[in-house]
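Take a look at the fold below.

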Amino acid sequence: VKVVDTVGAGDGFVGTFVSGLASGWPIDKCLRHAVVAGSLTCKSPGAQPAMKANLGEIAKHVNEIEIEVDACGKEDVDLTALNAQSRKRKHAS
């Protein structure tokens, strides 16, 4: 992606990721779609115009993303436990 403006990239990522989780997608699928959505947001200046990436455009690029997360692929991922582990690591630093 040729970056024009990064405004809204985080919003695009988080919105897509949470939407995927709410739809029951596995974490790896949520991450792939979120990475693409956040990246596509950077193609246009400003947040609102850049958020117009549609599912077709995201789907076109989603298989180009390789995600390696320990929890990916596990059907019984406990997000609360993962969050707690993350907080422990953060406080230990």
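Helices here are DSSP runs of H or I with at least four residues, numbered from the N terminus. Val 14 lies in one of them, helix H1. With a relative accessibility of 47%, Val 14 counts as partly exposed, because that class runs between the 20% and 50% cut-offs.

The model is predicted. The protein chain has an average pLDDT of 77, and 67% of the residues score at least 70. Helix H1, residues 9-22, has the highest mean pLDDT at 91. Helix H5, residues 79-92, has the lowest at 64.

Val 14 and Ala 37 are 23 residues apart in sequence. In space, their C-alpha atoms are 9.2 Å apart. Ala 37 is one of the buried residues of H2.

Helix H2 covers residues 27-41, 15 residues in total. From first C-alpha to last it reaches 21 Å, close to the 21 Å expected at 1.5 Å a residue. Of its 15 residues, 11 are buried, so H2 is largely enclosed by the rest of the structure. Among the buried ones are Ile 27, Cys 30, Leu 31, Val 36 and Leu 40.

How do H2 and H4 meet, and at roughly what angle do their axes cross? The axes of H2 and helix H4, residues 55-62, come within 9 Å and cross at roughly 115°. H2 is therefore roughly perpendicular to H4. The crossing is right-handed. On the H2 side, the contact is made by Arg 32, His 33, Val 36, Ala 37 and Leu 40. H4 contributes Glu 57, Ile 58, His 61 and Val 62.

Note on methods. Residues are numbered from 1 along each chain as its sequence is written. This is a predicted model: local features need pLDDT of at least 70, side-chain atom pairs count only at pLDDT 80 or more; totals for chains, interfaces and linings use all residues. Side-chain values use heavy atoms; hydrogens and water are left out. pLDDT is the predictor's confidence in each residue, from 0 to 100. Helices (H or I, at least four residues) and strands (E, at least two) are DSSP runs, numbered from the N terminus. The expected span of a helix is 1.5 Å times one less than its number of residues. Buried means under 20% relative accessible area, exposed over 50%, partly exposed in between (1.4 Å probe, protein chains only). Axes are lines fitted to C-alpha atoms, for helices over the stretch in contact, and angles run from 0 to 180 degrees between N-to-C directions. Angles under 35 degrees count as roughly parallel, over 145 as roughly antiparallel, 65 to 115 as roughly perpendicular and the rest as oblique. A crossing is left-handed if the near helix is turned anticlockwise from the far one by less than a right angle, and right-handed if clockwise. Contact means heavy atoms within 4.5 Å.
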